Amino acid sequence: MGRRYDPERRQRIIDAAAAVVRERGIAGLGHRAVAAAADVPLGSTTYHFATLDDLMIAALRQINAEWLAEVEAWVEGVDPAAPPADELARWLGEQFTGDRARLELEYELYFAALRHEGLRPLAAECLDEMARMLTRLMPDAATARVVVALIDGLTLQVLLADRPYDQEDTRAALARVMGGDGDDGPPAG
């Protein structure tokens, strides 16, 4: 029997890798587990991704793209008349009360970059791109980077310490970081 043409196989493998990490964590990621989750032969996973790092890179690239598309859509939809600190605090509240499994997956892959050097550039690219997007709402690029760091810190507290999200405290912190009371609107430009 000849080889069956399956143009979606590589993508199914990437989707399955993300699902395996979501269910079992990075430690549970393996070619066999991904092959079973994708319903493909084991050889398909190693054909498309020679190493687990290759597979993690593909999964992180996809997860980053999805996250950044969501951030982009949010930034595009921000009311220019509304205080950016208020808008960002509200949006973060939606993120933290939404799909926790998705946030955990994003951060699991993000922190995998500490041990897997191939993931570091992707993690850095994601942070840089998010800061770039947020510059449309911030006074400058340095402030946008600080806001990204604040978001990461808040996310870790919500995920790891089971601290409830306080939208008003977050709004006040964002307003301080962004300069003033946050009622100035987006920067002119």
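Reply: Helix α6 spans residues 100-112 and holds both Tyr107 and Phe111, which sit four residues apart, or about one turn of the helix. The model is a predicted one.

A pair of aromatic rings is described by the distance of the centres and the angle of the planes. A search of the whole structure finds six aromatic pairs. One of them joins Tyr107 and Phe111, with 6.1 Å from centre to centre and 45° between the planes, a tilted arrangement. Tyr107 has a relative accessibility of 10% and therefore counts as buried, the cut-off being under 20%. Elsewhere, ring pairs link Trp67, Trp74 and Trp91 into a cluster.

Next, the packing of the helices. Helix α8 (residues 141-160) and helix α9 (residues 167-178) have axes that come within 10 Å and cross at roughly 155°. An angle over 145° counts as roughly antiparallel, so that is how α8 and α9 run relative to each other. Their crossing is right-handed. On the α8 side, the contact is made by Thr143, Val146, Val147, Leu150 and Leu154; these meet Thr170, Ala173, Leu174, Val177 and Met178 in α9. By type, the residues of this contact are eight nonpolar, two polar and no charged.

Helix α8 also packs with helix α5 (residues 84-97), at an angle of about 35° and with the axes 12 Å apart. The crossing of α5 and α8 is right-handed. From α5 come Leu88, Leu92 and Phe96, and from α8 come Val147, Ile151, Leu154, Thr155 and Val158. The residues of the contact between α5 and α8 divide into seven nonpolar, one polar and no charged. Val147 and Leu154 of α8 take part in the contact with α9 and also in the contact with α5.

With a relative accessibility of 39%, Arg10 counts as partly exposed. Leaving aside residues up to four places away in sequence, Arg10 touches His48 and Phe49. Between Arg10 and Ala112 there are 22 Å in space, C-alpha to C-alpha, and the two are 102 residues apart in sequence.

Notes: Residues are numbered from 1 along each chain as its sequence is written. This is a predicted model: local features need pLDDT of at least 70, side-chain atom pairs count only at pLDDT 80 or more; totals for chains, interfaces and linings use all residues. Side-chain values use heavy atoms; hydrogens and water are left out. Rings of Phe, Tyr and Trp (its six-membered ring) pair if their centres lie within 6.5 Å; planes under 30 degrees apart count as stacked, over 60 as edge-to-face and the rest as tilted. Helices (H or I, at least four residues) and strands (E, at least two) are DSSP runs, numbered from the N terminus. Buried means under 20% relative accessible area, exposed over 50%, partly exposed in between (1.4 Å probe, protein chains only). Contact means heavy atoms within 4.5 Å. Axes are lines fitted to C-alpha atoms, for helices over the stretch in contact, and angles run from 0 to 180 degrees between N-to-C directions. Angles under 35 degrees count as roughly parallel, over 145 as roughly antiparallel, 65 to 115 as roughly perpendicular and the rest as oblique. A crossing is left-handed if the near helix is turned anticlockwise from the far one by less than a right angle, and right-handed if clockwise. Ala, Val, Leu, Ile, Met, Phe, Trp, Tyr, Cys and Pro count as nonpolar, Asp, Glu, Lys and Arg as charged, and the others, Gly among them, as polar.
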